[in-house]
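Me: Could you walk me through how to read a few features in a structure like this one?

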Amino acid sequence: MANTHTGFEDDDIVNEVDVDSYVKPNKKVDDNDKDNDDDSLASLVSDDLDATTGATETSTEDPSDNKHEIGGDESAAVFKQRLVVFLILFLAALGVSLTVYFLTAAAEHAEFEAQFDSTAQKVIDSFQDIVVQKFSALASLSVSFTAYVRSQQQSGDMEVAWPFVTINDFHQRSATARSLSDALMIQLLPVIDQDKRIAWEEYSNNNTYWMQEGLVYQQALGLGLDKDGSKRLLEEDKEEEEEEAPKLELTNDETDEITFATGVANVIYDYSLEGVMSPSPPRPQYFPLSQFSPIIRSSPGNFDYGFRMRAAYEHSKLFIGPIYTYGPATPDSADPRAAFYATLLTFAAGEPTMYMGDPTSQIFVPVFEHYEQDRGTEKPVAFIAAYIIWGTYFKDMLSPSVEGVIVVLENPCEGAFTYMLNGPNATFLGNGDLHDPKYHKYGRTAMLGDLGETAQRALLGLGLYQEECPIGIRVYPSATFEDNYQSNLPILVTMAVGLVFVFTAAMFLLYDRLVERRQDVVLSSATQSSAIVSNLFPESIAEKLMQAEADKQAAKSGQKHAFRSATVRLQSFLDGDDEGTQLADLFLDCTVIYCDIAGFTAWSSTRDPSQVFTLLQTIFQAFDQIATRNRVFKVETIGDSYVAVTGIPKPQNNHAILMARFAQECLNKFNVLVKKLEVSLGPDTADLAMRFGIHSGPVTAGVLRGERSRFQLFGDTVNTTACIESTCRRNAIQVSEATAKLLMAANKGHWLTKREDVVNAKGKIGLVTYWLAVRRRGGGGSSVVSDSEANVYAIEDELKETTKQSRLIDWATDLLVGHLKAIVARNQAIGQQTSKKTPTLAKQTRVPGETSLDEVVEVIEMPTFEASHAGEADISQVKIPEKVIAQLNRCVASIAATYRTNPFHNFEHACHVTMAVDKFMKRIVAPDLRTTGVEQSQSVSAMLHEYTHGITSDPLLLFAIVFSALIHDADHRGVSNTQLMKEDPALGVTYKGKSIAEQNSLDIAWDILMRDEFVDLQACIFGGSESEMKRFRQVIVNVVLATDIFDKELNDLRKGRWARAFSNEKQQDEQHNDLRATIVIEHIIQASDVSHTMQHWHVYRKWNQHLFHEMRLAYQEGRMGADPASFWFKGELGFFDNYIIPLAKKLKECNVFGVSSDECLVYAMQNRSEWEQRGEGIVEEMLQETYEQCLGDGFEDEGLDTILE
């Protein structure tokens, strides 16, 4: 289908129609109004219109020149002054509007900068305050540990001395510090000198009671339990009667192996980069893990933190460790470091919690033996290690109304880490500085080390070491933050200023119009008349027309026409009573419709040109009648598209309603007609559908006169209508939002259903459309129905559903009746009498023990062509008796009933093959009998008979070929012959394992045809001649069995015959000609059987999909060995390369099919190329459809992924 109306490159779409043929219904002509004067204006116009085609003297004068001549210099001066005033107003409006806009926008931007400065300072101050507050809690814990040891010593327990200290109530003390500092874990790391290592290792293994105390404390608080309380999240319960772990006495000889018999490592140990534990090598100091809270498995005691503690120990200050990030993890994740943090988060939350990869650090706080005032220069005796997640330090900084603040946490060692602050929430965005470079200049920076004296005092004199890797933050705004301070105020203010100037300009225009009204009317009228006449007529006629018009103006006789509107003049022209002026004008209230036939291109590719035009003529003539009845103006037809409009040329207030009723009536009528036409035009005709697009709006319309007068529409309304039609679904009416509003305003909203998605077409994005269905209002609506609306409902009542099977049977009957007429005409021409006697062959078709395959002959004998009888056969005069037609219809119905409900091998496909056969035979060059002289006619007929190998000269042969196509797949089981022999061994034995399905189809159909109930049909076909019956059977045997293309032996025989028949072009004897005829006949059925591969892509896709579904169903039922999805794509390519394309080339080499052979080859090549590009995706789509169908049919769900694999 040539969708020419949707493929224009220009913005406007121009539609033209011959308006000479337009006749206003019920037009009345008053003879008394005719002017008998030959020199009158009407006579001049009429005479010139008759001579338009041959006129050579035409006016090429520019209308603008006429305007200048008529108006003079005064008009030019006024025009220039108007331009100057407009220019001044425009420049003033533009300047003031831009100034106001930029000033307002600048004020908003200044507000944004001020708000950000305030917010950034608040973030910096809050961050420092939060850090000091949380770190001071750790400093207080350090002082409490110092106080604990000193109190123990003052109470007389002098054995308590660093580093051999175990803090009682460690978990209670740590819990408070963890809560205040938001630390996930707190650890105590004593400083162990080298000479005290062995003593410490013995002490730490003999003093593990604090762990049991911690577990009891955690259990009392319900910490570390699953939701059901049945077991601990991180620690298993220990039996209350568990014996105390034996005390160990360790020496240097026992430190080669690391054990955890007491829950604490027997030696101080390190982790290598590969995660391997080994005893720590000699060092000046060790910093082993002594006590920790909470108690979790992943923190075993005596791990040495020495590599992290050197700087803190040397400077005796609070120290922040490196910033680390790990991947998201759960407590069970493979990464021990990420799993460690997930475990801590889970413990803190009391429920399984995932670590999301936030930056983390350890805070090391020194513990001294003496208080600050007594400390002097002493080194720390221990350190407190606290694990923190930096995200908690950025929470609750901002109010909920402040969003979109970017904070970059960074140090020169590990780099940057970015957070987004939205009110009280902080979200980690990722590693690196991720702020928008657009806001780089607004950044604010603060270093954590820049703490004031108050902050230093809060850290209890411990100080903060920030010399190696100082930590700081940078604060930036984001687009979200800026959006909070941007509004539409600049635009609104600018629009208000602009409206003031627009109002001023409008007042100027009104004043200008009042002053120049008289001059403008005169000038416009004169200019228009001069331009139209100059363009329409030769100069001599134009001068007479202008003079006549001037005389009328002077005499006031033509005044009634001088100020007629363009609409009235256009209607006058279409009615035929206009003086010849040509107009084009803008019609504001119109409704345009575009409609085309969906599937037309694919359908027409399988039909003769005469059938294509039969369809279009029938449909469009019916549309024309509906248009006249509904007062719709038909514009034109383009291919299979139909264009019409309401509201032009005469205004119609209900133009949208008229068009809606017209569309619905056309749709209903179309569905009735295609079902009726399927009987004469063949399969798939009833599957055609219409698409309608309707849009309302202004349309520019006018009359263009050339060799033929044309009516044109153009404008965006026409373009939009085409887009709406092109996106419409099959058998539906899609209307624009503009049309829908008009219908709703007319109380027709019940006709509309809003489309769920928006329409995006070429040049049109986001169109809101509605589906239209003209129907009676339900409920308590009005019962009054207009005449045009009643027509819609009348056609709906006519839509009585008939089965597709019955329509195909009627079509096949009608096709065969046409061939029967040719047989009868030929018998009458040769003087053969029809006999009702049934030949004996009907009772016994072959020798017992033989099969239909044994009857196949290499050469079918063609009858001798009698040129003297050729011109005597007149099919138009032949009438087939009704009872013969009835018997033929029952016979076809009986054959149709033998077809099974396979997706591919069904009666519909048989009809498709039959239609292809009929098309091939019509394309064979037939003997031309329309010549002058008997001898010449006979000579030409004989020559063409030989050229076509006698095929078209034998109507019985043609009938047999068509009948063979109709029966060739009767009772097909939907499986291959190999599988059929497995499923029905008796059938395989009957046909000796060769061409089983084909022979079975042939025998079933033959038995039906030879039934006693069809005796009149038999007599009409065979004429009571046994030789004709034998010849008929011989043809259908050869033709039906030729469809078995997978039998290697038969294929080899066919190739050999082809080589003999067409290798020697000079050999023209009768036997050789019959051999060629036999090959051509077999190639007709073979090409027709796979004709979908040599037709339009949509036709090929349809039947290819049906075949795939049939084979896929057989595979799922266990009737096929291999899944067709596994070989379908490459199999189709091989089928094209090895069979279809060679077959198409052979059709061309036969040299009898005319343009059909070229058409077949072109389509085959195109389909092969298209399949190569899209085939793999199409196979997956078909497989998905099959998968969904199988689920619906109750097959076991094996999973689509499994099928695809």
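Me: Let's start with the rings. How many aromatic pairs are there?

Reply: Two rings pair if their centres lie within 6.5 Å. Keep in mind that this is a predicted model. By that rule, the count comes to 51 aromatic pairs.

Me: Which residues do ring pairs link into a cluster?

Reply: Take a look at Phe127, Phe135, Trp390, Tyr393, Phe394, Tyr419 and Phe428, which ring pairs join into a cluster.

Me: And which charged ends sit over a ring?

Reply: For this you want the charged atom within 6 Å of the ring centre and within 35 degrees of the ring normal. Here's one case: the charged end of Lys379 sits over the ring of Tyr313, 5.9 Å from the centre. Another is Arg729, whose charged end is over the Trp771 ring, 4.1 Å from its centre.

Me: On to the sheet. What order do the strands take?

Reply: The general idea is that strands of a sheet pair through backbone hydrogen bonds, either parallel or antiparallel. In this model, six strands make an open sheet with mixed pairing, and the order reads E7-E2-E11-E10-E9-E16. Strand E7 (291-293) and strand E16 (464-465) are at the edges with a single partner strand each, so one side of each has no neighbour in the sheet.

Me: How many bridges join E2 to E11?

Reply: Six bridges hold strand E2 (residues 185-190) to strand E11 (residues 382-389), and the two run antiparallel. If you want a spot to start, Met185 has Tyr387 in E11 as its bridge partner.

Me: Which helix gives the most to the lining of the largest cavity?

Reply: That's H36, with four residues. Helix H24 (907-923) and helix H36 (1155-1193) each supply at least two. By type, the lining of the largest cavity divides into five nonpolar, five polar and two charged residues.

Me: And what lines the second largest cavity?

Reply: This one has a volume of about 70 Å³, and its lining includes Thr166, Trp200, Tyr203 and Asn302. Helix H4 (197-206) and strand E8 (301-303) are the elements giving two or more residues, with H4 providing the largest share, three. The second largest cavity's lining has five nonpolar, six polar and no charged residues.

Methods. Residues numbered from 1 in each chain as written. Predicted model: local features only at pLDDT ≥ 70, side-chain atom pairs only at ≥ 80, totals over all residues. Heavy atoms only, no water. Phe/Tyr/Trp six-rings, centres within 6.5 Å; stacked < 30°, edge-to-face > 60°. Nonpolar A, V, L, I, M, F, W, Y, C, P; charged D, E, K, R; others polar. 1 Å grid on protein atoms, 1.4 Å probe; cavity = no way out; pocket = protein on both sides within 12 Å on 5 of 7 lines; lining within 4 Å. Points joined across faces, edges and corners; volume = space filled by probe spheres on them. Pairing = 2+ DSSP bridges.
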